[in-house]
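Have the viewer open as you read.

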Amino acid sequence: RAKSNGRNALQRFTPDLGKRADERLALSRRMRAALANGEFRLVYQPQVDLQTNRVTGVEALLRWTDTELGPVSPATFIPIAEENGLIVPIGEWVMQQACFQARVWQDTLPGLRMSVNLSPRQFARGDILRVVQRALARARLSPRLLEIEITEGALMTLGALDVLRALRAMDIDLAIDDFGTGYSSLSYIRNFRAERLKLDMSFVSGIGRHREDEVITRAILSLGRALGFKVVAEGVETETQLAFLRRHGCSVVQGYRFARPMPAADAHAFIRDFNEGAIVYG
Ligand code: C2E
Ligand code: MG
Ligand code: MG
Ligand code: MG
């Protein structure tokens, strides 16, 4: 895997933008059908709080298996859905489904938080607040249990700050995703109070291998702490990475080291066992 994966948005999206126009069109058609036929699924990846050594939340991640193409990665289909606008109805489905699941889990895993990714295009729409409110109301989920993840790119879109303030006023937590790879200036971080910064996996994967990645990781952890954010490390795969993050005061970790994204039933069993102390190292 290229070390610079995810470091630079342009680089990351090159393969997708490079797909031929007819391929993108074919994918768009199949995606539209997939939405109508209920072929999208959510999987859930546990987030482990390093202070308490408990799973305190999950991130909902979208999955799509096409009957002919097989599994299609979100890294491929989300950018196309952004481009053709399908991300709006797909995103509504994701929000509703994630809220229902979070509500179901409250009975056996009280306080478990649900993080949902929102893409820039969803923010550009005036009805995003209503979409979120409706999903919460239908699921009878407390807004305190919902967290919305947005990238730095979405932060920079016109009107985003108003939307984010409104979400905060509704008591919904915000996380800045892929932190350190986008284009936001630090003044945005100062003006706009998110609860959490998600340190991008591209830095985490360099821990123990590249000094620059360790320096950047430490800097983001200390910046986050000084400004009152919790820092969540993404893509933690090894014991070395985990030990480094712990030593430098990282609050929460998410990654294959503990658990992959899983269907709801598997995620539930994992979280229950982990929080009962039955799983020490994942
Ligand atoms: P993201 O929000 O930054 O999600 C984290 C990605 O890292 C996920 O990829 C997850 O499966 C992967 N990951 C987590 N731990 C590890 C690890 O230890 N090692 C490795 N190699 N990977 C790890 P995934 O599920 O393929 O999603 C990719 C991106 O697609 C997401 O990045 C997000 O930007 C987007 N996405 C996924 N689901 C949704 C959705 O429901 N709505 C929107 N708007 N975007 C979504
Ligand atoms: Mg995310
Ligand atoms: Mg991320
Ligand atoms: Mg990412």
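The buried residues of helix 8 pack against helix 5 (120–123), helix 6 (128–139), strand 5 (146–151), helix 7 (152–155) and strand 6, with contact meaning heavy atoms within 4.5 Å. Helices here are DSSP runs (H or I, at least four residues), strands are E runs of at least two, and both are numbered from the N terminus. This is a predicted model, so to speak: local features need pLDDT of at least 70, side-chain atom pairs count only at pLDDT 80 or more, and totals for chains, interfaces and linings use all residues. Residues are numbered from 1 along each chain as its sequence is written, and side-chain values use heavy atoms, leaving out hydrogens and water.

So who does the packing? In helix 8 (residues 160–169), the buried ones are Ala160, Val163, Leu164 and Leu167; buried is under 20% relative accessible area, exposed over 50%, partly exposed in between (1.4 Å probe, protein chains only). They sit on the same side of helix 8 because their arc around the axis is only 95 degrees, taken from the directions from the helix axis to the C-beta atoms. Turned away from that buried side are the exposed Asp162 and Ala169.

Asp177 lies in strand 6 (residues 173–179) and Glu234 in the loop between strand 8 (230–233) and helix 12 (239–247), so the pair ties together parts 57 residues apart in sequence. Both Asp177 and Glu234 are buried.

Conventions
Chains lettered and ligands numbered in written order.
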